[in-house]
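This is a short walk through one protein model, taken element by element. Please keep the structure open while reading.

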Amino acid sequence: MPGSIHPTAIIDPSAEIASGVEIGPYAIIEGGVTIDEGTIIHHHAFIGRGAQIGKRCVVHHAAVVSNVPQDLKFKGTEETYVIVGDDCTIREFATLHRATIHTSTSNAGTHDGTTRIGRGSLIMAYAHVAHDCVLGEEVILSNAAQVAGHVTIEKWAIIGGGALIHQFSLVGSLVMIGGGSHVRKDVPPYCLASGSDFRVSGVNKIGLQRRGATPEAIDAIKAAFSTLYYSGQNLSDAAAQLEAGATARIPEVRHLLDFIKSSHRGVAGRA
């Protein structure tokens, strides 16, 4: 049985509500929704059809999870989803939209009709995650960050307040993007980047240390960024030089090089 449901909440009988779930006043839960154990839905939140919310999540007041996408391709009959992993926090007035079509292809691969929010992520107030986005685990979207459709953000990335991310972009793991940035190209993992003209300014050393990267790996990443951004070579030649070097065997450098190979929008420039 659910933990606590306020009598003014409107819940479709077909919604699956697990034990220990709390639902506040005037919240709306549509049919085709699954909410797992220990999750709290605060007052006036809207949980739309296709939402699958994991364990121990908190959805704050007036947040919207799994509303229909803002995309003219969507006809209104498609069975698409928003999947929110365990231990996520969705703050007030944030909006998460479900996918547009059953399958779609972006520069990050084929999507499966699902907008995904990874385990332990924090979506702050007024942030927007559009249709067909995929966020890895423990991603942070700061206040009013706006993520357009078909964007992939890898794990542990932090997106600053008011940042705008262009559709189909790919943001690498452990990236830290400054507030108010305009992201138009793919952002390589492990970097610091910011600005309306969006430039990479360095390596997220503190983030790497917090996630257990070895000093050898951090030094190799710094050297790789120096080659990619400051050697005077074009990106392809710089990446080829790194591929031929010994540091290409280090997992973090390998991931960086694979990221660059996978980029279709081009890689963000240097300061």
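How many bridges join strand 11 to strand 14, and in which sense do the two strands run? There are 3 bridges between strand 11 and strand 14 (residues 95-97), and the two run parallel. The model is a predicted one, and everything below describes that prediction. Within this pair, Val65 is found opposite Leu96 of strand 14. Strand 11, which covers residues 64-67, also pairs with strand 8 (residues 46-47), again in the parallel sense, over 2 bridges. Here Phe46 has Val64 of strand 11 as its bridge partner. Such pairing between strands of a sheet goes through backbone hydrogen bonds, and it can be parallel or antiparallel.

One of the bridge pairs puts Tyr81 with Thr114 of strand 17.

Is Gln52 buried, exposed or partly exposed? Its relative accessibility is 32%, and Gln52 therefore counts as partly exposed, since that class lies between the 20% limit for buried and the 50% limit for exposed. Beyond its neighbours within four places in sequence, Gln52 contacts Thr34, Tyr81, Val82, Ile83 and Val84. Gln52 and Val84 are 32 residues apart along the chain, while their C-alpha atoms are separated by 6.1 Å.

Strand 27 (residues 176-177) is joined to strand 29 by 2 bridges and runs parallel to it, with Met176 partnered by Leu192. Strand 30 (residues 199-203) is joined to strand 29 by 4 bridges, and this pair runs antiparallel. Ser194 has Arg199 of strand 30 as its bridge partner. Strand 29 and strand 30 form a hairpin with 4 residues between them, and in the turn Gly195 has a positive phi of about 105 degrees.

The two faces of strand 29 can be told apart. In a regular strand, side chains alternate between the two faces of the sheet. In strand 29, Cys191 and Ala193 make up the covered face, while Leu192 and Ser194 make up the uncovered one.

The helices come next. Two packed helices are described by the angle between their axes and the distance between those axes. Helix 2 (residues 215-230) packs against helix 4 (residues 251-262) at an angle of about 30 degrees, with the axes 9 Å apart. Angles under 35 degrees count as roughly parallel, and helix 2 and helix 4 are therefore roughly parallel to each other. Helix 2 contributes Ala217, Ala220, Ile221, Ala224, Phe225 and Leu228 to the contact, and helix 4 contributes Glu252, Val253, Leu256 and Ile260. By class, the residues of this contact are 9 nonpolar, no polar and 1 charged.

Helix 2 itself has 16 residues, which at 1.5 Å a residue should span 22 Å; its end C-alpha atoms are 22 Å apart, in agreement with that value. Its buried residues include Ala217, Ala220 and Ile221, and also Thr227. Thr227 counts as buried because its relative accessibility is 13%. Not counting residues up to four places away in sequence, Thr227 touches Gln233, Ala238, Gln241 and Leu242. Just after helix 2, Gly232 takes a positive phi of about 85 degrees.

Definitions and conventions:
Residues are numbered from 1 along each chain as its sequence is written. This is a predicted model: local features need pLDDT of at least 70, side-chain atom pairs count only at pLDDT 80 or more; totals for chains, interfaces and linings use all residues. Side-chain values use heavy atoms; hydrogens and water are left out. Buried means under 20% relative accessible area, exposed over 50%, partly exposed in between (1.4 Å probe, protein chains only). Contact means heavy atoms within 4.5 Å. Two strands pair if DSSP finds at least two bridges between them. Axes are lines fitted to C-alpha atoms, for helices over the stretch in contact, and angles run from 0 to 180 degrees between N-to-C directions. Angles under 35 degrees count as roughly parallel, over 145 as roughly antiparallel, 65 to 115 as roughly perpendicular and the rest as oblique. Ala, Val, Leu, Ile, Met, Phe, Trp, Tyr, Cys and Pro count as nonpolar, Asp, Glu, Lys and Arg as charged, and the others, Gly among them, as polar. The expected span of a helix is 1.5 Å times one less than its number of residues.
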